[in-house]
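Please read this briefing with the sequence and the model side by side. Short notes follow, grouped by topic.

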Amino acid sequence: MQVVMFPSMEESHTKCLIIGSGPAGYTAAIYASRAALDPILYEGLQPGGQLTTTTVIENFPGYPEGVDANQLMADMRAQAVNLGADVRPGYVTAVDLSQRPFRITVDGSETVLADTLIVATGATARYLGLPSEEKFRGMGVSACATCDGFFYRGKDVAVVGGGDTACEEAVYLAQLCRKVYMIVRRNVLRASRAMQERVMKTANIEMLWECQTQEVLGDAGGVTGVRLVRKDGTVFDKPLDGFFLAIGHEPQSGLFKEWLATDAEGYILTEGKSSRTSVEGVFAAGDVQDPQYRQAIAAAGSGCRAALDAERYLLSKI
Ligand code: NDP
């Protein structure tokens, strides 16, 4: 007897499914809508993406005075919706790319069938991996100064890292806090010259060069300090109220590792200048495929490319 499978009641079918609601996802939705692909976009756990954890964006073209990051993301979302994108809350929990259309599971239950898939899941902050850091996460340990800095007004904090993010966060925190230490593992900053100069000009930022964090210290009330080890082996403690991580990001590609080729760090590999992944009909955009530039405008541009690639792919199948 032949068993015929009918789609369940919850199943919907789209020409283009977009996962992620940062600049890449929304821009892909804008372009896919205009190309009449009737895209469905799932927003994920952090609607608006990483930018919603920051304040003012000064380097997104078109805003001479800068733009509030949350407003920028709300505007991108509204633009996508106005053009016809079906923007839905929901977290994609599984993908099956072995069959066409692709099967995407949302929130563990709902299934959506998609002819093309645009992965724009972004990246998240990296932690040092210390048990003490995990223990005090949310109790003085944070990876977002602009989200949590407010709680440390007039207090002493440290920022780990020497990149642009660390410098930006240190300068931001210096406006609120009494003292900001930058814990830098080398004797140089990786950050751009402009950011380095801003750090050096800020009186209440103190550099702790060639230092690594051994342990985050704390009690029932949260973080009380940090134990550091210098390159020469000297171990010392710094009393602190807050401990901020700014040591880079990890691509959110775990869901796709079984299906898509990634580099050693988990960034999804794309073909040449295109957004094509190792699976035909699946495209990647934004920080999940970009270890290098990781800027809102770069992500938006790659979202545009992914939608154009999806459109061309569908046309090639007619
Ligand atoms: P980066 O990768 O540039 O810098 C990470 C920093 O963390 C480095 O100083 C690195 O040290 C340090 N680090 C990494 N792992 C550890 C560890 N285990 N212990 C201690 N320190 C560690 O990340 P960012 O998030 O700063 O920046 C990412 C990208 O985004 C960059 O291209 C940056 O230019 C860009 N950016 C641009 C901004 C802007 O233009 N306004 C703002 C913020 C970011 P080491 O140097 O020794 O490797």
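Asp38 counts as exposed, because its relative accessibility is 51%. Exposed means over 50% relative accessible area, buried means under 20%, and partly exposed lies in between (1.4 Å probe, protein chains only). The model is predicted: local features need pLDDT of at least 70, side-chain atom pairs count only at pLDDT 80 or more, and totals for chains, interfaces and linings use all residues. Residues are numbered from 1 along each chain as its sequence is written, and side-chain values use heavy atoms, with hydrogens and water left out.

**Backbone angles**
- Asp38 sits in the loop between H1 and strand E2 (40-42). Helices (H or I, at least four residues) and strands (E, at least two) are DSSP runs, numbered from the N terminus.
- Phi of Asp38 is near 45 degrees, which is positive in a residue other than glycine.
- Asp107 also has a positive phi, near 50 degrees. Its loop lies between E7 and strand E8 (110-119).
- Asp107 is partly exposed, because its relative accessible area is 48%.
- The peptide bond from Arg100 to Pro101 is cis, with omega near -10 degrees. Pro101 belongs to the loop between strand E6 (92-96) and strand E7 (102-106).
- Most residues other than glycine have a negative phi, and most peptide bonds are trans.

**Nonpolar cores**
- A nonpolar core is a set of buried Ala, Val, Leu, Ile, Met, Phe, Trp, Tyr and Cys residues joined through side-chain atoms within 4.5 Å.
- The largest core has 32 residues, and Ile18, Leu51 and Ile118 touch the most other members.
- Strand E1 (12-19), helix H1 (23-34), helix H2 (69-82) and helix H7 (296-316) each give two or more residues to this core. H7 gives the most, with seven residues.
- Ile18 has contacts (heavy atoms within 4.5 Å) with Gly25, Ala28, Ala29, Pro39, Ile40, Leu41, Tyr42 and Ile118, not counting residues up to four places away in sequence.
- A second, separate core has 23 residues, including Ala166 and Val184.

**Cysteines**
- The count of disulfides is zero. A disulfide here is a pair of cysteine sulfur atoms within 2.5 Å.
- Cys177 is in no disulfide, and the nearest cysteine sulfur, that of Cys144, is 13 Å away. Cys177 is buried, because its relative accessible area is 5%.
- The sulfur of Cys304 is 13 Å from the closest cysteine sulfur, in Cys16, so it is too far for a bond.

**Ligand surroundings**
- The ligand is surrounded by 19 residues, and the closest are Gly162, Asp164, Thr165, Arg186 and Arg190. A residue is near a molecule or strand if one of its heavy atoms lies within 4 Å of it.
- Helix H5 (residues 164-176) gives the largest share of this shell, three residues.
- A polar side-chain atom of Thr165 lies 2.7 Å from an oxygen atom of the ligand.
- A backbone N or O atom of Gly163 is 3.3 Å from a ligand oxygen atom.

**Asp156**
- Asp156 is part of strand E11 (residues 156-160). Asp156 counts as buried, because its relative accessibility is 12%.
- The side chains of Asp156 and Arg178 make a polar contact (2.8 Å). A polar contact is a pair of N or O atoms within 3.5 Å; within protein, one must be able to donate a hydrogen and the other to accept it, and residues adjacent in sequence count only if both atoms are side-chain atoms.
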